[in-house]
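Subject: Structure for your files

Hello,

Here is the structure you were going to look at. My notes on helices and sheets follow below it.

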Amino acid sequence: MPASPSTARAINDRHALRLLQQEGPLTAGQLKQLTGLSRPTVADLVERLAVAGLITVVGESGEQRRGPNARLYGIVADRARLAALDVRTGGVVVLVSDLVGRVLAETSVPIGGDTGTGPAVEQAVAAVERTLEAAGAMGAPPREGIRAWGRLHTVGIGAPGLIDPATGDLRDSGGLPAWHRSLAAALQERLPGARVTVENETNLAALAEQREGAARDRDTFVLLWLGHGVGAAVVLDGTLRRGASGGTGEIGFLPVPGTGSLPSARDCDGGFHSLAGTAAIGSLAAEYGLSVPAGTDGPGVAGVLSAAVARAAGETGPADAVGSGDAEPAERFLHALADRIAIGAASVVAVLDPGCVVLGGEVGQAGGPVLAALVEERLRRMSPLFTEVRASTLGGTAVLRGALLTARDRAQDELFAPPDRN
């Protein structure tokens with residue numbers, strides 16, 4: 001059956017708003033061309049959206065730069081503020097943006113491992129409040145304390161661990177700080193007008209790589225996250241797959257050869273994590289004579305890997321980062337690391353046949369196309385299923401970008417809905 005007039009108007013309005021989100025400011029003529037709608041229909045929807053406070057004139061276009069036909073319409077970016085958090089074991093990164101995703105302020109706060117749950121949550125919430133204030137998103141505080149914020153609409157949080165598909169809450173996971181599980185509730189209490197959502201960090205990284213990074217041309221792929229921890233995100237036919245318990249992609253627990261033991265329900269030691277986590281990569285680099293920093297965090301090991309890639313390619317760089325000016329140790333290290341990564345990737349490929357694997361996280365980005373090519377070559381030998389291997393273009397920033405994209409989508413879904421649905 002044909003859509004009713006009100007339904008047709010709502011569909012046209014949403015389509016126009018999505019185009020303005022994707023393309024930026026457009027004239028009415030450009031909207032007509034892109035939507036295929038008639039001139040009167042476009043004129044009506046422009047007026048509706050302007051009256052609703054969703055779009056406004058942001059400039060003019062054309063040689064004459066005058067008159068109604070030259071007006072450029074854009075989304076009212078100040079209609080809402082968004083916050084995104086990347087929650088790590090050792091701290092939190094916060095950014096605040098406007099409705100179209102333009103970053104207005106960003107803060108990074110370390111949180112020590114010996115910090116109690118209450119103080120750690122308070123430090124993280126205070127970081128969000130400071131970032132909101134820096135972005136101009138803080139409303140006048142009531143007398144009883146800071147409880148109200150101007151136009152903050154949605155908060156997206158990316159965190160390691162399992163997300164309960166029934167409740168949306170972060171589940172208790174062995175080895176992760178307890179304050180992670182308390183943060184969302186604390187933010188919801190302190191920011192009562194905002195929507196607070198939590199998503200697994202690797203899933204958010206995959207979303208960011210699909211929308212802005214290495215997988216923009218793929219609707220089916222697997223992101224292999226290689227950082228302090230190891231994980232994967234699965235996107236099939238454009239849809240992120242989470243699994244019955246939210247645990248799709250927990251390949252740190254994947255039993256693989258070469259570890260000497262098996263993982264347990266609460267400890268991934270003995271699983272793929274023992275081959276490809278940053279601690280394991282740091283130990284591997286040391287075995288080949290490379291200089292490894294005392295810490296085995298993602299950035300530290302990524303630096304070692306970047307230096308090894310440069311040395312293997314014959315580029316000049318800090319010799320002390322690889323132990324000597326000889327390229328051979330760096331090359332042998334890269335080949336050994338590719339062997340390890342291919343073991344986990346081959347298991348995923350055998351089950352899912354995704355056609356594309358993106359090496360993400362700090363390690364995936366640091367290894368770049370060199371490491372990706374080595375892993376792809378090994379997969380071709382191990383599997384009859386052709387699989388392209390790509391390096392992340394977002395690296396360690398992917399989680400924060402994914403959290404922001406998710407917050408933006410959810411805010412726009414509500415704000416761009418027809419009036420009778422709001």
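A residue counts as buried here when its relative accessible area is under 20%, and as exposed when that area is over 50%. Please keep in mind that this is a predicted model.

Helix α3

Helix α3 covers residues 39-51, which is 13 residues. From its first C-alpha to its last it reaches 18 Å, close to the 18 Å expected at 1.5 Å a residue. By the cut-off above, V42, L45, V46 and L49 of α3 are buried. Seen down the axis of α3, the buried residues fall within an arc of 105°, so they line one face of the helix. After α3 comes G53, which has a positive phi, near 80°.

The sheet with β3

Five strands make an open sheet with mixed pairing, in the order β5-β4-β3-β6-β7. The edges are taken by β5 (103-110) and β7 (195-200); each has a single partner strand, so one side of each has no neighbour in the sheet. From one strand to the next, the twist averages 15°.

Strand β3 (residues 81-88) pairs with β4 (residues 91-98) in the antiparallel sense, over eight bridges. L85 has V94 of β4 as its bridge partner. Two helices pack on this sheet. Helix α5 (residues 179-190) touches β3, β4, β6 (152-159) and β7, and its direction makes about 165° with that of β3. Helix α12 (residues 398-415) touches β3, β4, β5, β6 and β7, at about 145° to the direction of β3.

The link between β3 and β4 is a hairpin through two residues. With β6, β3 pairs in the parallel sense over six bridges, and there A83 has V155 of β6 as its bridge partner. How much of β3 is buried? Seven of its eight residues are, so β3 is largely enclosed by the rest of the structure.

The sheet with β8

Another open sheet of five strands, also with mixed pairing, runs in the order β10-β9-β8-β11-β12. At its edges stand β10 (239-241) and β12, each with a single partner strand, so one side of each is left without a neighbour in the sheet. The twist here averages 25° from one strand to the next.

Helix α6 (residues 201-212) lies across β8 (221-226), β9 (230-236), β10 and β11, at about 125° to β8. Helix α10 (residues 327-352) packs on the sheet as well, touching β8, β9 and β11, and its direction makes about 155° with that of β8.

Strands β11 (residues 356-360) and β12 (residues 388-391) run parallel and are joined by four bridges. Between β11 and β12 the chain passes through helix α11 (residues 361-382), and this β-α-β crossover is right-handed. Two positions are handy for finding the pair on screen: V357 stands opposite V389 of β12, and L359 stands opposite A391 of β12.

Regards

Methods. Residues are numbered from 1 along each chain as its sequence is written. This is a predicted model: local features need pLDDT of at least 70, side-chain atom pairs count only at pLDDT 80 or more; totals for chains, interfaces and linings use all residues. Side-chain values use heavy atoms; hydrogens and water are left out. The expected span of a helix is 1.5 Å times one less than its number of residues. Buried means under 20% relative accessible area, exposed over 50%, partly exposed in between (1.4 Å probe, protein chains only). The arc is that of the directions from the helix axis to the C-beta atoms. Two strands pair if DSSP finds at least two bridges between them. Axes are lines fitted to C-alpha atoms, for helices over the stretch in contact, and angles run from 0 to 180 degrees between N-to-C directions. Contact means heavy atoms within 4.5 Å. A crossover is right-handed if, with the strands pointing away from the viewer, the path from the first strand over the helix to the second runs clockwise.
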